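Q: I have a protein model open and would like to learn how to read it. Could you take me through it feature by feature?

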2 protein chains.
Amino acid sequence: MTTGRAARAPMRFWFEFASTYSYVGALRVESVAAAHGVPFEWKPFLLGPIFQRQGWTDSPFNLYPARGRYMWRDIERLCGKLGLPFRWPSAFPRHTVLAARVACAAAGEPWLGDYVRAVFRANFAEDRDISSAGVIGDVLAGLGRDARTMLERATAQENKDRLRRETETAWERGIFGAPTAEVDGELFWGGDRLEDALAWWKGERWSTR
Amino acid sequence: MTTGRAARAPMRFWFEFASTYSYVGALRVESVAAAHGVPFEWKPFLLGPIFQRQGWTDSPFNLYPARGRYMWRDIERLCGKLGLPFRWPSAFPRHTVLAARVACAAAGEPWLGDYVRAVFRANFAEDRDISSAGVIGDVLAGLGRDARTMLERATAQENKDRLRRETETAWERGIFGAPTAEVDGELFWGGDRLEDALAWWKGERWSTR
């Protein structure tokens, strides 16, 4: 079968479950993209290895306290503005490798969006320890999934390697923070640039060269 | 004389002449604030001493190349979107202590906004060396000011101390980057948050606490 035009790559939404701004972006990306008629793809990855390559062994929000204080206040305001729940997490950043492996293993599943949002809410609205298999299992069960089967798929070597490759791909494409929306090789860093990414996908172009 | 209400502090626009995002913000702040009916104040300061306190001896855009590559591309896009000229500067960041001292000395002058915009254009649209007294003098002369008198005022000890105090104040208020809009102790970092700062000044409040 041939079609008149090549398939268009969706906007890619790169996110990290430990990231506060990814929380704000992830909770609205699906509805905003739908409102613009733009297909998008969830792209879970790990910021830790990317931070390490830049010499950081912790979140920059912890390493640079002024930046951190601003971020927490900003998140309170953003959540208030967007009507999102927020509770200061008792641990930050949380280890997200298991949560991200599950998201990776669930690529293409119709419940992936619900899973992503539920994990983010657990971290930033419910202060639950998303690094634990118990909490991730609870989230999966709450979505009607077989938690044990899913956790097995997530921790299979093939899927672990897949998440590692995704993180590598993110770095190679120039991604250094989250969330980042990617459209045709252009990066839009930060949840507040989502509308720019969607406009770019729809063909708007602005550049001085 | 008594009035029915206390004077309201204007929105403060903290900026650094070496900062690309300050350029984008500075060129639009006056018209955007006017459109919202919000008074604002130019607050020049130096990012260098603030970066040093965070352990950086250079711009983070140079220290973290992935972040830097993104910023330059983002600036090209933002300038294209906003209709601002942009030319890659042959030196970055430029030393801005003299330019900032002049802005400090010109506080309250009706030509301050024109001076700020002209210096930013010299740096980011004309690739001129704004660290030089010759270039700053040219800018002042172009605005019909007596360059020599103004440079003398700018480099008087009292004015040097003033800029130092302003930078100290910025740090004490929690400012770590530029531009930052300050309203009633709330900080809004980044030119793309200007509209949020203006809304806050006008009484909008969104926060989860």
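Q: How many helices and strands make up the secondary structure of chain A?
A: This is a predicted model, and in it chain A has ten helices and four strands.

Q: How do strands pair in a sheet?
A: Strands of a sheet pair through backbone hydrogen bonds, and they can be parallel or antiparallel. In chain B, four strands make an open sheet with the order E2-E1-E3-E4, and the pairing is mixed. Strands E2 (40-44) and E4 (186-189) of chain B are at the edges; each has a single partner strand, so one side of each has no neighbour in the sheet. From one strand to the next, the twist averages 25 degrees.

Q: How do strands E1 and E3 of chain B run, parallel or antiparallel?
A: They run antiparallel: three bridges join E1 (residues 11-15) to E3 (residues 180-183) in chain B. To find one of them on your screen, look for B:Trp14, whose bridge partner in E3(B) is B:Thr180.

Q: Which strands does helix H6 of chain B touch?
A: Helix H6 (residues 112-124) of chain B packs on the sheet and touches E1 and E2 of chain B. The direction of H6 makes about 45 degrees with that of E2(B).

Q: Now for overall shape: what radius of gyration does chain A have, and what would a compact globule have?
A: A compact globule with 209 residues would have a radius of gyration near 17 Å, and chain A has 17 Å, so the two agree. The C-alpha trace of chain A spans about 50 × 45 × 35 Å along its principal axes.

Q: How many of the residues in chain A are buried?
A: Of the 209 residues in chain A, 55% are buried, taking buried as under 20% relative accessible area. The accessible surface of chain A is about 9,400 Å², and carbon and sulfur atoms hold 50% of that surface.

Notes:
Residues numbered from 1 in each chain as written. Chains lettered and ligands numbered in written order. Predicted model: local features only at pLDDT ≥ 70, side-chain atom pairs only at ≥ 80, totals over all residues. Heavy atoms only, no water. Pairing = 2+ DSSP bridges. Helix = DSSP H or I, 4+ residues; strand = E, 2+ residues; numbered from the N terminus. Axes fitted to C-alpha atoms, helices over the stretch in contact; angles between N-to-C directions. Contact = heavy atoms within 4.5 Å. Rg over C-alpha atoms; globule rule 2.2 N^0.38 Å. Buried < 20%, exposed > 50% of the residue type's maximum accessible area, 1.4 Å probe, protein only. Areas by Shrake-Rupley, 256 points an atom, 1.4 Å probe, with all protein chains shown as cover.
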